[in-house]
Amino acid sequence: MAVTVFHLHGKSPDSEGVSVEVAYTQSLDELRKIIASKLSIVLPNTISFHRSASPETATSDLQVLDSVELIIKERSVAILISGKKVRPVPGPTGGIPFIGGYSEIYPDFLGNYQRLLSKYGHMVHVSYLGKSVYLTDDPDCAGVVLSEGEFYSKEIGDNHPLFPLKSSLPNGLFTSDSSNPSWSTSHKFMMTAMGAKAMRNYVRTMDHTANRLIKCFDEILNKGDSVNAFFWGLRAAGQTIGEVGVGMDLKMLDSADSQIANIFQLIGRNLGLAQTLFRKGSFYRALPNPERREQKMMETQVISFVDTQSERILKESQRDMPIDEAAVSTSSLLDFMLHATDEQGRKMDVGLVHENIVTFLGAGQVTTSCALSWLWFCLATFPTQARKLYASLIAAGLRKDKEITAEELGKLEYLDWFIKEMQRLYNPAFQPTRQAHKDLIMPGGYLVPKGSQVTVALHSVMINPEHWKDPLTFDPERWGTEEVRKRHKYAYIPFAAGGRGCIGFNFALQEIKIVLARVVLNFQIENTTEGAVIYDPDFSLYRPLNFTMRLHKQVEVEEIITETKSSAKAGENDEKKTSAPQPAVGARALPHFWAVHASNNGTCEGMAGDLAAKARHLGFTDVHVVRLADSPLADSSQTAAIADENSNFFVICVSTYNGEPPDSALEFSDMLDGEIKKGNSKRFDGINYCVFGAGNTQWGTTFQAFPKKVDANLAALGGNRIFEKGTGDSNADQDADFTEWSTRLCAATAANFGVDVTGGAGKAGANALTTAPAHSTDDVKIQFSARASVSEDEAKSFLHQPPVKGFLKATLTENVELVDHDSPIPRGMRLITFGVPDASFTYREGDHLEVFPENDPAVVERLLVALNFVADAVFEVKEVGTDANPTSLAAFLLDRGQKITLRDLLLYYADLAGPIQRSSLLLLASFLPADEKFKKLREMLEAAGAPSAAPDPAIAKTTRSFADLITSQPLLAQALNLQKLLIILRATQPRRYSVASSPLVDPHAVKLCVGVEDIRVADHQGLCSGFLARGKVGSVVWVRARSSQESFHLPKEDDVPVVMVAAGTGISAFLGFLEHRNAQGFKVQEHGGKSPFRLYYGTSYHDMPSLRKLIRAYADDGTVLVEAAYSEEDAPRRFAQHILLRDALQIWSDISNGGHVYVCGSATRVGDGVRQSLMNIAEQVGGEADPVAWLAGLKKEGRYSEDVFG
């Protein structure tokens, strides 16, 4: 005896080997069993022994040790499994961001299972949507996986296909874990009830039901109708299950017009929901979702049905009896379960009885109905074999007017072959799944980790060419051959195998034999499906989605007898083999898609446009992009009409401004408030929605306020939230937030509707989730105008009409830099005055002014040269495709319907300075020619536009704006023409500023205080601030007054205390307040007025003497009390909120006397700090126990108001 170290080839014998005492008397098989037990190798006979060699040594070069004598001579011995090195299960890697290998599986389960197993081998691993799936088509592996015992058992975890059903039936025979004691109890009772002996008692019942089906089919034949095969399979199976299962006639076969019983409609819907929930993944299932809510409602109805039938049976019979007696004496399976007792006299728990009868009703009905559908399909598809089946029934003595007996069923050999061949090719069950108890080494050398869910791909096992000759040929006769009789035990497993194999297989086979025999004795079947038959990806079993059939009378018995005799005399035993069609996967109809938006600057409109394009890319055909205020959601009658269609999908992109809705959504917000107040829980009933909120975390407590309101209120008012709310933060990377969220949304949508995301991507490796929707230059039609010169009016065309509706022409009358040129702090702040002569122009103190900016003329000139544009060429947009973003230049110019020059396009209308969206970067990449010289540029753009890409600082700098991109990547300009440019670029959006003046001084003069980046330290300026900084006195600017929130205006009375807190350019609004108060003649108390009027102002440094002089003038004449803080000073109180705390007693007195507090400036620099300071004052001076609630109350009263910005 010697001690030998055994190790897997490639692993270290010292650190990963196992020591075994080997005796000369041992056989190799005994040694294999010992090694298998130590290394968790599931099949010992797959082990081969070899002389140890370096890990890099090829397996073919390893020396075989084929005797115990040779093994004992070695200190260490290497092991191969099935002649191969042990390795992780192979499979596709990478996949699609956020959803992994989703497209490797969905929607074509069977086709993709077969493709993956053909590509990677007999085991495959795929990860997607939070699931980790292992597949096998190897009979050896299948036998191990399905055998309940040491290695695997049925444990229905998150990754198991039955997991969503388990939530409804945790203890059911089909859905409980093997470790659940309830399963053992159920199995003990039901094995007897479902045995072959017990089933013989139901032959007459089943034949009676089959004859009722034939009468219905006679009616259909006489009408000449085509019918959906699966739905008639449901009627036949359901009627039988009803009679055998609960002893009840469900009236589904009374006539051709009978309906499917409600209990089976509920069960069928539950199965569909379970499949949807499994496909959507564990993350979605963890969220409140409409599918699970619907499941719970149906569970209640199903339980009520079972309770009613149980009460009926218990009233009819109350005698309990031993299991064996009950199996042959009770009238139904429910009767059996209610009255059977085991050897100890124990009965099944009532709750367990209910779960098992529901399991039986569901599993038995849908499995059998699928099988019948495929059998009828085979009768229509293989007429030669169908005729031979008819002849075999007649030869066995069966007739359509004669009862079928149990004895006859057992002798129908060709019927048995026909059904087996159907199951081999079209078996309804296709993915039995078991869980590994520990790390296991499978046949083929595959390493399966502990806890893995391994799915046996039944369809692939039963057409595995290594075990089946001509596997895709429909050949019932193969079952009479010696080759098939001696097949691998697990090469044909239509009902799975092991302890958790289908317990109802005797029932199912008996039923389908009787029904098939009855149908063949009476009818021939014609396939009347329009196009090819496809299968349903949303069903938990393999069933035909669209197979329709027409019935024809079967030929007379004498004719088939004569034909059979003639064939026998002629020796016609050979027949042409028929290839079996492999149905493709079907697709669900996609709902109406609404991309709804509301924002002040067009951000959300652009997002909605991107979502609409993605929806079309996924296959949605009815797609709408609309403002929230104009959407069906805003009108109750339109909402109800959309909901009644039961086919809608609303994606809502909204922003917020200081906690308030965008201007265009104010009425919608009021409507929500009204409906909530009324408690109208049905207002959005039937509406499927999700929300993305655009915002900026610098807005502090008001961040995402309106998006949150929309999301929560729609749910409270009856809407179905179908995806989690998305959150964008423009203070970080809102584009990345939106791109990631929208990609996950589209992935979940594709999963929900069975969309093949690789189908329309256009190139290998591409997919509809991460590639830009295809655009062609034909999407935008333009027309250039012939001309010889530029007229004066054309040269000033931009100045003759507003760029956006509602804008008015203003003249810049003053532009003053407030910061000293020699300031040690590099910054800029300008006080700019406009004259707006238009009589319609009005505004109030505290309002905003929108400015339509122009691009830097120097940048425009560089782009004209790079793009080879003729600056004075005039063109007009005539047509724009539906996929163009509504905020694109193309859509913007189409709406204007105006001829413009290329110079004007780049100077006034194109957003050259704004950040480029990821979707635009992907579009740019798709527009590049296939030439090799564009390869690196394309890869760079695709990487920068990828949904999950963390921005590379170097790339981010070059792609910060279109102008920067063209400058850094001049090659790009060579690939662009005007049409592409119009698709890619977004239209310039106006910028909004707080007004720094009062209409009481001059209603047609308006001032702004604008911060400007100092070009001495900044590598770029903001588009509008740079434009305004360059503005010359006398230049024309387009502006529009916009109202601020109502609470951000001064009290009309002069006896209301006012506290103003500002930082930086936040002083702008309060310069307007000061001018307004001064024009009213109101004074502070120290100058004879009635109330305090305080300004606390924070800035960086003493470097704005002209601003200080202006404010000091208001203080000197008694208009205001001023306190300033300088953050660059080395002083304890460096910020405005610090001065507030210093003056806490005065501030509390002002507020207590009905005072108003106004805050303006950076949300993070002043907003958060002021709120905290005020709450500290309320708590420490005012004694408020809940300062947060106190501040919220102050805001609700309109006495605390912010105008803050990011």
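K251 has a relative accessible area of 47%, so the residue counts as partly exposed (buried means under 20%, exposed over 50%, partly exposed in between, with a 1.4 Å probe and protein chains only). This is a predicted model: local features need pLDDT of at least 70, side-chain atom pairs count only at pLDDT 80 or more, and totals for chains, interfaces and linings use all residues. Residues are numbered from 1 along each chain as its sequence is written, and side-chain values use heavy atoms, with hydrogens and water left out.

**Overall build**

- The protein has 1206 residues, and 56% of them are buried.
- Its C-alpha atoms fill a box of roughly 120 × 75 × 75 Å along the principal axes.
- The secondary structure comprises 46 helices and 41 strands (DSSP runs numbered from the N terminus: H or I of at least four residues for helices, E of at least two for strands).

**Backbone with positive phi**

- K251 sits in the loop between α11 and α12. Its phi is positive, about 60 degrees, although K251 is not a glycine.
- S82 is another non-glycine residue with positive phi, near 55 degrees. The loop between β4 (76-81) and β5 (87-88) holds S82. At a relative accessible area of 35%, S82 is partly exposed.

**Second largest pocket**

- The volume is about 1600 Å³. On a 1 Å grid over the protein atoms alone, a pocket is an open set of points where a 1.4 Å probe fits, with protein on both sides within 12 Å along at least five of seven lines. Points are joined across faces, edges and corners, and the volume is the space filled by probe spheres set on them.
- Lining residues (those with an atom within 4 Å of a point) number 49, and R269, L273, E294, R588 and N646 are the closest to the pocket centre.
- Seen by element, two or more lining residues come from each of α11 (229-246), α12 (262-286), α13 (290-316), α16 (350-381), β24 (648-655), β26 (720-721) and α28 (734-753).
- Helix α12 gives the largest share of the lining, eight residues.
- By class, the lining has 21 nonpolar, 16 polar and twelve charged residues (Ala, Val, Leu, Ile, Met, Phe, Trp, Tyr, Cys and Pro are nonpolar; Asp, Glu, Lys and Arg are charged; the others, Gly among them, are polar).

**Cysteines**

- The model contains zero disulfides (a disulfide is a pair of cysteine sulfur atoms within 2.5 Å).
- C370 is buried at 0% relative accessible area.
- C1024 is in no disulfide either; the nearest cysteine sulfur belongs to C1009 and is 14 Å away. C1024 has 2% relative accessibility and so counts as buried.
- C502 lies in the loop between α21 (482-485) and α22 (505-522). At 35% relative accessibility, C502 is partly exposed.

**UniProt annotations**

- An unreviewed UniProt entry lists C502 under "binding site". Positions follow the numbering used here, feature names are shortened, and annotations may be inferred rather than shown by experiment.
- The unreviewed entry gives "domain: Flavodoxin-like" for residues 593-746. That span is 41% helix and 19% strand, and its end C-alpha atoms lie 12 Å apart.

**Aromatic rings**

- The structure holds 38 aromatic pairs (rings of Phe, Tyr and Trp, the latter by its six-membered ring, pair with centres within 6.5 Å; planes under 30 degrees apart are stacked, over 60 edge-to-face, the rest tilted).
- W374 and Y426 are stacked because their ring centres are 5.0 Å apart and their planes meet at 15 degrees. The pair links distant parts of the chain: W374 is in helix α16 and Y426 in helix α19 (residues 413-426), 52 residues apart.
- W374 and Y426 are both buried.
- One aromatic cluster consists of W374, F377, Y426, Y535, Y542 and F547.

**Distances across the sequence**

- L831 belongs to strand β30 (residues 828-835). L831 is buried at 16% relative accessibility. L831 and L1107 are 276 residues apart in sequence, with 8.9 Å between their C-alpha atoms.
- V246 is in helix α11. V246 counts as buried at 2% relative accessibility. V246 and E148 are 98 residues apart in sequence, and their C-alpha atoms are 30 Å apart.
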